[in-house]
Amino acid sequence: HTHTHTHTHTHTPVAMWELYRAYVPRGTAGMDLAAFLDLCNKCGLVDDGCTWANVEQAFAEVMMADSQLLDFPRLMKALQTIADRKGVDEESMHSILAPAPPAGGQGGKLEGPLLG
């Protein structure tokens, strides 16, 4: 029989990588704080259990010191920190994030050079 591939048991679903790429402008080394906050906002991660200050702290804890950017592994780590704070596991976190814009989520179209 043919095995259909699912994202549920992979550590880093393809959707997460696509999400990262969507928020990182071409030619830059990673995601900056503004993009990270935008991502968290669009995904609805900021609430009573996880404030803007918590999100910024998660970013600051894992960012690259020299560039103040998140590469992909660091983004995953920052999101894990937020997931822990919110009391959700990694898989739940991925399902929260997976439909996020610009991959067809609720938000408006992402503007700029990312869609080229």
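Contact, as used in these legends, means heavy atoms within 4.5 Å. The structure is a predicted model, in which local features need pLDDT of at least 70 and side-chain atom pairs count only at pLDDT 80 or more, while totals for chains, interfaces and linings use all residues. Residues are numbered from 1 along each chain as its sequence is written, and side-chain values use heavy atoms, with hydrogens and water left out.

**View 1. Helix 2 against helix 3.** Leu33, Phe36, Leu37, Cys40 and Asn41 of helix 2 are in contact with Trp52, Val55, Glu56 and Phe59 of helix 3. By class, this contact has seven nonpolar residues, one polar and one charged; Ala, Val, Leu, Ile, Met, Phe, Trp, Tyr, Cys and Pro count as nonpolar, Asp, Glu, Lys and Arg as charged, and the others, Gly among them, as polar. Axes are lines fitted to C-alpha atoms, for helices over the stretch in contact, and angles run from 0 to 180 degrees between N-to-C directions.

**View 2. Helix 2 against helix 4.** Helix 2 and helix 4 pack at an angle of about 45°, with their axes 13 Å apart. That angle makes helix 2 oblique to helix 4, and the crossing of helix 2 with helix 4 is right-handed. Phe36, Leu39 and Cys40 of helix 2 meet Leu75, Ala78, Leu79 and Ile82 of helix 4. The residues of this contact divide into seven nonpolar, no polar and no charged.

**View 3. The buried residues of helix 2.** Ala35, Phe36, Leu37, Leu39 and Cys40 of helix 2 are buried, where buried means under 20% relative accessible area, exposed over 50%, and partly exposed in between (1.4 Å probe, protein chains only). The cover over these buried residues includes helix 1, helix 3, helix 4 and helix 5 (90–97). Just after helix 2, Gly44 takes a positive phi of about 70°.

**View 4. The aromatic pair of Trp17 and Phe72.** Rings of Phe, Tyr and Trp (its six-membered ring) pair if their centres lie within 6.5 Å, with planes under 30 degrees apart counted as stacked, over 60 as edge-to-face and the rest as tilted. By this rule there are four aromatic pairs. Trp17 and Phe72 form an edge-to-face pair, 5.1 Å centre to centre and with 85° between the planes. Trp17 lies in helix 1 (residues 14–23) and Phe72 in helix 4 (residues 72–86), so the pair ties together parts that are 55 residues apart in sequence. Trp17 is partly exposed, with a relative accessible area of 42%, whereas Phe72 counts as buried at 13% relative accessibility. Ring pairs link Trp17, Tyr20 and Phe72 into a cluster.

**View 5. Asn54 in helix 3.** Asn54 is found in helix 3 and counts as buried, at 14% relative accessibility. Leaving aside neighbours within four places in sequence, Asn54 is in contact with Gly49 and Arg85.

**View 6. The loop between helix 3 and helix 4.** Met64 is found in this loop and counts as buried, at 16% relative accessibility. Not counting residues up to four places away in sequence, Met64 touches Ala29, Leu69, Leu70, Asp71 and Arg74. Met64 and Gly30 are 34 residues apart in sequence and 9.2 Å apart in space, C-alpha to C-alpha. Gln68 is also found in the loop between helix 3 and helix 4. Gln68 counts as partly exposed, at 48% relative accessibility. The phi of Gln68 is near 55°, a positive value in a residue other than glycine.

**View 7. The protein chain as context.** The protein chain has five helices and zero strands; helices (H or I, at least four residues) and strands (E, at least two) are DSSP runs, numbered from the N terminus. Along the sequence, the chain follows the pattern α-α-α-α-α. Of its 116 residues, 33% count as buried. Among contacts in the protein chain between residues at least 6 apart in sequence, 58% join residues at least 24 apart.

Terms used
Angles under 35 degrees count as roughly parallel, over 145 as roughly antiparallel, 65 to 115 as roughly perpendicular and the rest as oblique. A crossing is left-handed if the near helix is turned anticlockwise from the far one by less than a right angle, and right-handed if clockwise.
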